[in-house]
Amino acid sequence: MTAKTGPYDGPGGLGRFQTELTAWLDENDAFFPRRAAGMSLAGEVARSRANQHRLWQAGWLRHGWPESVGGMGGSRLFRAAVTEEAARRGLYYDTLAAVGEVLGPTVIEAAPDLARRYITPFLDGTEGWCQGFSEPEAGSDLASLRCRAVDAGDHWVVDGQKLWTSYAQFASRMVLLARTGTTEDRHRGITALLVDMGSPGMTVRPLHGINDMAEFSETFFDSVRVPKDRVIGEVNGGWSVAMRMLRSERGGIFWMLSAWLLEELERLAGTAGLTAADDEAVGRLFATVAALRARSWTTQHRLAADGIETPETSIDKILMATAEQELFDLVRTSLDGVLEFADTDEAVWLRSSYMYSRAASVYGGTAEIQRNIVADQLLGLRGA
Ligand SMILES: Cc1cc2nc3c(=O)[nH]c(=O)nc-3n(C[C@H](O)[C@H](O)[C@H](O)COP(=O)(O)OP(=O)(O)OC[C@H]3O[C@@H](n4cnc5c(N)ncnc54)[C@H](O)[C@@H]3O)c2cc1C
């Protein structure tokens, strides 16, 4: 596999990049293994990371990341183009790839020294990171989190618990939100730390999901020492770090995920099980996904110009969850009984995807919370 990267600055550069990327992927397709039937989650994570690494080594995935962390610079739109194409072709495990896009840009921006030291293996697929935000009593109400980091001179001591930490069992580091002020300080008393997984006192306990995968975990901290210089941003400034990451989670990753949705929809539309009675529903769904794609491409441009605030991305999050759930609802009703009872590889995959689609209105902030944000912060309806 030969690396091929050209200069893509200036007008028409992104289009040229996409054309050359597509041609290169067509030519090198055999070097990228796809998901195999019955593959374990660990196997799938390893396969996905290896493919990510191939794209990085070939240069494609380095476009859009700054040179300080091994990238080639340029607009984040290059990253959007690569992850879109990778999702379309099934090269990545999409939700795993999304973690890089959620955490990476903010760590580079808020903690450039930490990024220079640690982030390249994460971006190039060699190692995984995870996001330690949610707790048993702090999901929607994230500002009430209680996992505590105490200043002990040259290090922090962390005690507490995180919940729903995706891919924690496969991760080398965690972006942790910890309380460094009082609980009454709410969002003003939170600090973001970069923690090494496997530090003494840390326990990761995977949770089995309804889709038959143990994708997320409970993570426990019992007097875990974290070096003092692992603060991302400012001490007690973790809330703005978290909001920047949520901006990516609710907006940045959906160009890639909507490409995957479109692919699934096109596959469904070509399925023999569909009848003329399904035409209207399929057509409506194409319109929903097209609306999501149109919104998302605008969001990618606005993110590239740092011209979109976190609350605005709640609209993208609502559109994505709606489209994903409507798609798999249609799969379920139109392929009568297949999703519930069949045992073919395809049926198992569709069943798992249907189950996972229920989580689309929960992860990254629930649908109700996104609607509250739109009503409150964008439309000013509080108390109206
Ligand atoms: C697949 C998946 C992956 C995840 N990965 C991660 C991860 O990697 N890291 C991480 O930190 N977290 C992760 N999460 C957790 C996710 O962020 C939380 O589940 C989410 O924020 C909701 O919090 P909760 O589960 O505590 O629900 P709760 O906050 O307890 O909410 C329960 C219900 O009450 C509703 N509700 C709560 N407050 C209000 C309100 N004010 N107005 C209206 N309705 C309200 C909610 O909408 C919901 O329906 C993941 C979740 C999923 C499903």
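Colleague: Which residues are buried in helix 3?

Modeller: This is a predicted model, in which local features need pLDDT of at least 70 and side-chain atom pairs count only at pLDDT 80 or more, while totals for chains, interfaces and linings use all residues. Residues are numbered from 1 along each chain as its sequence is written, and side-chain values use heavy atoms, with hydrogens and water left out. Helices (H or I, at least four residues) and strands (E, at least two) are DSSP runs numbered from the N terminus, and buried means under 20% relative accessible area, exposed over 50%, partly exposed in between (1.4 Å probe, protein chains only). In helix 3 the buried residues are Leu77, Phe78, Arg79, Ala80, Ala81, Val82, Thr83, Glu84, Glu85, Ala86, Ala87 and Arg89.

Colleague: What covers the buried residues of helix 3?

Modeller: Because 12 of its 13 residues are buried, helix 3 is largely enclosed by the rest of the structure. Contact here means heavy atoms within 4.5 Å. The cover includes helix 1 (13-27), helix 2 (41-57), helix 4 (94-110), helix 8 (254-269) and helix 9 (279-304).

Colleague: Why do the buried residues of helix 13 lie on the same side?

Modeller: Helix 13 spans residues 367-378, and its buried residues are Ala367, Gln370, Ile373 and Val374. The directions from the helix axis to the C-beta atoms define an arc. These residues lie on the same side of helix 13 because they cover an arc of only 115 degrees around the axis.

Colleague: With which side chain does the side chain of Arg247 make a polar contact?

Modeller: Arg247 belongs to helix 7 and counts as buried, at 8% relative accessibility. A polar contact is a pair of N or O atoms within 3.5 Å; within protein, one must be able to donate a hydrogen and the other to accept it, and residues adjacent in sequence count only if both atoms are side-chain atoms. At 3.0 Å, the partner is the side chain of Asp306.

Colleague: How many disulfides does a search of the whole structure find?

Modeller: A disulfide is counted when a pair of cysteine sulfur atoms lies within 2.5 Å. The cysteine sulfur closest to that of Cys130 is in Cys147, 12 Å away, and is therefore too far for a bond. Cys130 is buried at 0% relative accessibility, and Cys147 is buried at 1%. The number of disulfides found is 0.

Colleague: How far apart in space are Ile232 and Ser199?

Modeller: Ile232 is in strand 8 (residues 231-232), and it is buried at 0% relative accessibility. Leaving aside neighbours within four places in sequence, its contacts include Val107, Ala110, Leu114 and Val241. Ile232 and Ser199 are 33 residues apart in sequence, and their C-alpha to C-alpha distance is 18 Å.

Colleague: What percentage of strand does the chain have over residues 130-224?

Modeller: UniProt, in an unreviewed entry, lists these residues as "domain: Acyl-CoA oxidase/dehydrogenase middle". UniProt positions are in the numbering used here, feature names are shortened, and annotations may be inferred rather than shown by experiment. Over residues 130-224, the chain is 0% helix, and its strand content is 53%.

Conventions: The expected span of a helix is 1.5 Å times one less than its number of residues.
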